[in-house]
Amino acid sequence: LSDMEGKIVDQHYFSAGTALNALNPGADYGQVSNPLSRLTICILVMQNGFTVIGKSAPASPENFDAEKGKRLAYEDAIKQLWPLEGYALRERLAA
């Protein structure tokens, strides 16, 4: 895990509502009542330029916590890296 995290050069977090507001001026996807405002997205940029996307969303609006959403989205992105790291390791071992 620490090897993978050491390869992360940048992290970005935002809600889907915020992204859609930026794409659609005048729209209001950021209201707490809108489910897209509670969908947290994490983008990890790796040293080699590869990007990984993680996401999280609570089952209930009452359970939304922005910091927890960021942590869970980060953990989801890290989960995306495990198979890729396993493949890369197997390639190195085979060579």
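Angles here run from 0 to 180 degrees between N-to-C directions. With that settled, helix H3, residues 66-94, lies across S1, S2 and S3. Helix H3 runs at about 135 degrees to S3. Please keep in mind that this is a predicted model.

Now the sheet itself. Strands of a sheet pair through backbone hydrogen bonds, either parallel or antiparallel. Which of the two do we have here? The pairing is antiparallel, in an open sheet of three strands with the order S1-S2-S3. Strand S1, residues 8-15, and strand S3, residues 51-56, are the edge strands, and each of them pairs on one side only. On average, neighbouring strands of this sheet are turned by 20 degrees against each other, ignoring direction.

Let me take one pairing in detail. Strand S2 covers residues 40-46 and is joined to S3 by six bridges. In this pairing, Ile43 stands opposite Ile53 of S3.

Helix H2, residues 16-23, lies across S1 and S2. Its direction is at about 80 degrees to S1.

Thr40 is in strand S2, and Glu67 is in helix H3. They are 27 residues apart in sequence, and their C-alpha atoms are 9.6 Å apart in space. Is each of them buried or exposed? Thr40 has a relative accessible area of 6%, so it counts as buried; the cut-off for buried is under 20%. Glu67 counts as exposed because its relative accessibility is 54%, and exposed means over 50%.

What does Thr40 touch? Leaving aside residues up to four places away in sequence, the contacts of Thr40 are Phe14, Ser15, Gly54, Lys55, Ser56, Phe64, Gly69, Lys70 and Ala73.

Last, the largest pocket. About 190 Å³ of space lies in it. Which residues line the largest pocket? They are Lys7, Met46, Gln47, Asn48, Phe50, Leu81, Leu84, Glu85, Tyr87 and Ala88. Helix H3 supplies the largest share of this lining, with five residues. Sorted by class, the lining has six nonpolar, two polar and two charged residues.

To recap, the three strands form an open antiparallel sheet, helix H3 lies across S1, S2 and S3, and H3 also gives the largest share of the lining of the largest pocket.

Methods: Residues numbered from 1 in each chain as written. Predicted model: local features only at pLDDT ≥ 70, side-chain atom pairs only at ≥ 80, totals over all residues. Heavy atoms only, no water. Pairing = 2+ DSSP bridges. Helix = DSSP H or I, 4+ residues; strand = E, 2+ residues; numbered from the N terminus. Contact = heavy atoms within 4.5 Å. Buried < 20%, exposed > 50% of the residue type's maximum accessible area, 1.4 Å probe, protein only. 1 Å grid on protein atoms, 1.4 Å probe; cavity = no way out; pocket = protein on both sides within 12 Å on 5 of 7 lines; lining within 4 Å. Points joined across faces, edges and corners; volume = space filled by probe spheres on them. Nonpolar A, V, L, I, M, F, W, Y, C, P; charged D, E, K, R; others polar.
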